[in-house]
Amino acid sequence: MIDRAKGVWLIDTEGKEYLDGCSGAVVTSIGHGNPDVLAAINEQAVKVTFTHRGAFATEASEKLAAKIAQMTGYPGVWLVGSGSEAVEAAIQFALQYFREIGQPERQHFLSHRHGYHGNTLGALSLSGHARRTVLGGLAYDFPTLRTPYQYRDGEGLSEANYCQVLLTEARTHLENHSGHLAGVVIEAVGGATLGATPVPDGYLQGMRELCDEFGVLLIVDEVMTCVGRTGAMMAVDHWNVKPDLIAMGKGMAAGYAPIAAVLVGERVLAAIENGTGRILGGHTYAGNPLSCATALAVLDVFTKDQVLAHGQRMAKELEEGLDRLATRHTLVGDARGLGMLRALEFVQDRTKKSVALPQGTISSRVFSACLEQGLVVYPSTGGFNESILVAPPLTISSEEITDLLSKLDTALAAVERRMQEAGEITLDSTSA
Ligand SMILES: Cc1ncc(COP(=O)(O)O)c(C=O)c1O
């Protein structure tokens with residue numbers, strides 16, 4: 001049970017310290033207990049904590065929307081309370097867009113089967129995540145795209161050729177379904193289900209072109225990757241691609257308040273402004289002043305403390321350290337990621353990339369062994385693989401990265417030792 005937190009450290013009720021090696025669920029990008037943010041929360045709490053946007057705007061919500069628009073270049077910012085809500089709202093924006101322009105038959109979405117977009121009906125309809133089974137037949141059965149996942153797919157192909165294969169398949173889907181498709185919804189870096197797997201270079205550009213060719217909106221889910229997590233303000237910036245809609249969340253208020261948003265591009269915004277002029281969505285807590293003031297303070301810290309540049313430097317150190325661990329530990333099949341969103345994928349046989357144990361066993365063993373060492377990591381299997389995310393706050397120091405890697409090294413060695421004793425793994429000569 002956690003009692004308090006400061007910087008990258010969480011302290012439980014017994015006084016044990018844990019290094020927050022995954023920012024909770026890739027949320028606490030600027031670390032815990034930032035005094036500027038705490039002061040802003042207090043200041044706003046004293047002024048006003050809640051008004052409903054049906055009646056009023058507040059300085060906090062207006063300033064936040066303006067700040068996000070300025071940081072991202074998107075003219076429309078629609079505030080919601082969670083990442084799942086942002087994805088649902090993006091779906092609704094896409095549907096509204098096509099009604100506004102007189103194509104109401106466009107109501108379907110294409111997505112990656114191995115993606116994750118949230119735990120609500122629409123979001124789970126876009127995903128093959130294990131959680132989808134909870135919905136049974138209620139999840140909408142949209143066709144899905146082959147997920148970019150070169151570690152387990154496209155073996156022997158160069159990145160460029162693999163990308164071409166994926167885009168050729170995507171084109172066929174778009175050709176077959178284009179008349180009733182509203183959007184393609186994808187993550188630029190598969191997070192909660194794929195252990196930090198970035199799309200191949202060229203994929204997003206290719207998808208942008210396909211969407212334009214078939215008159216479909218490109219919607220990128222940056223709930224996990226937004227606000228510097230991958231080393232750019234938004235992950236799509238790595239490839240200079242401009243989606244029509246972006247869902248963002250997590251790092252936007254870095255865990256100091258629940259808030260998320262949809263970025264609305266010119267085309268969609270203009271269709272609504274020139275059409276009905278109304279958005280029929282919204283949730284009670286959307287744009288509430290306390291969350292908005294908090295997110296604004298987090299974004300101010302992000303800019304003022306040059307968190308992006310610091311995070312880029314620290315991410316390089318983390319990447320090199322994880323690569324070293326991957327060579328030392330038989331259990332690690334792959335080390336990958338983008339910026340400060342990184343992962344290790346585990347296997348029992350590195351050559352075959354195989355896992356015989358029931359799904360989720362190894363990642364939960366690593367999770368527990370890390371906790372024993374005072375390190376928190378995030379299992380990111382989604383029912384598809386054995387991986388953990390390593391995604392500490394962007395504000396982590398070099399010494400803390402060294403500490404993180406050393407704790408992880410010890411935890412991996414402990415899991416490997418136990419697995420070797422149980423005959424579940426054969427350690428190779430390079431193993432620690
Ligand atoms: C890419 C992505 N989209 C959406 C969500 C859902 O966000 P939330 O849990 O805030 O509803 C998540 C959460 O992990 C996510 O990683």
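Modeller: What follows takes the labels in turn and sets values against definitions.

Modeller: This is a predicted model, in which local features need pLDDT of at least 70, side-chain atom pairs count only at pLDDT 80 or more, and totals for chains, interfaces and linings use all residues. Residues are numbered from 1 along each chain as its sequence is written, and side-chain values use heavy atoms, with hydrogens and water left out.

Biologist: Into which domains is the protein chain divided, and how do you know the bounds?

Modeller: Domain 1 covers 2-30 + 306-421, and domain 2 covers 35-304. The bounds come from an automatic or database domain assignment. The C-alpha centres of domain 1 and domain 2 are 26 Å apart.

Biologist: How many residues of each domain take part in the contact?

Modeller: Domain 1 gives 37 residues and domain 2 gives 41 residues, where contact means heavy atoms within 4.5 Å.

Biologist: What makes up the area that domain 1 and domain 2 bury between them?

Modeller: The two domains bury about 3,000 Å², of which 60% is on carbon and sulfur atoms. Buried area is the accessible area (1.4 Å probe) that two parts lose on being put together, summed over both. In domain 1, the residues losing the most area to domain 2 are Ile30, Lys353 and Phe384, together 25% of what that side buries.

Biologist: How many polar contacts and salt bridges cross the interface of domain 1 and domain 2?

Modeller: There are 20 residue pairs in polar contact across that interface, both residues being at pLDDT 80 or more. A polar contact is a pair of N or O atoms within 3.5 Å; within protein, one must be able to donate a hydrogen and the other to accept it, and residues adjacent in sequence count only if both atoms are side-chain atoms. The rule also finds 2 salt bridges across the interface. A salt bridge is a side-chain nitrogen of Lys or Arg within 4 Å of a carboxyl oxygen of Asp or Glu.

Biologist: Why is the pair of glutamate 345 and arginine 152 called a salt bridge?

Modeller: The N to O distance between the side chains of glutamate 345 and arginine 152 is 2.7 Å. The limit is 4 Å, so the pair qualifies. Glutamate 345 also forms a salt bridge with arginine 336, with the closest N and O atoms 2.9 Å apart. Arg152, Asp334, Arg336 and Glu345 are linked in a network of salt bridges.

Biologist: What makes glutamate 59 and lysine 63 a salt bridge, and where do they lie?

Modeller: Their side chains meet at 3.3 Å, N to O, which is within the limit of 4 Å. They are 4 residues apart in helix H3 (residues 59-72), and so separated by about one helical turn. Helices (H or I, at least four residues) and strands (E, at least two) are DSSP runs, numbered from the N terminus. Lysine 63 has a relative accessible area of 46%, so lysine 63 is partly exposed.

Biologist: How do you know that aspartate 212 and arginine 208 are paired?

Modeller: The closest N and O atoms of this salt bridge are 2.8 Å apart. Both residues lie in helix H7 (residues 203-214), 4 residues apart, about one turn of the helix. Aspartate 212 is partly exposed at 41% relative accessibility, whereas arginine 208 is buried at 12%.

Biologist: What makes glycine 202 buried or partly exposed?

Modeller: Glycine 202 has a relative accessible area of 26%, so glycine 202 is partly exposed. Glycine 202 sits in the loop between strand E9 (197-198) and H7. Not counting residues up to four places away in sequence, glycine 202 touches Cys163, Leu167 and Trp239.

Note on methods. Buried < 20%, exposed > 50% of the residue type's maximum accessible area, 1.4 Å probe, protein only.
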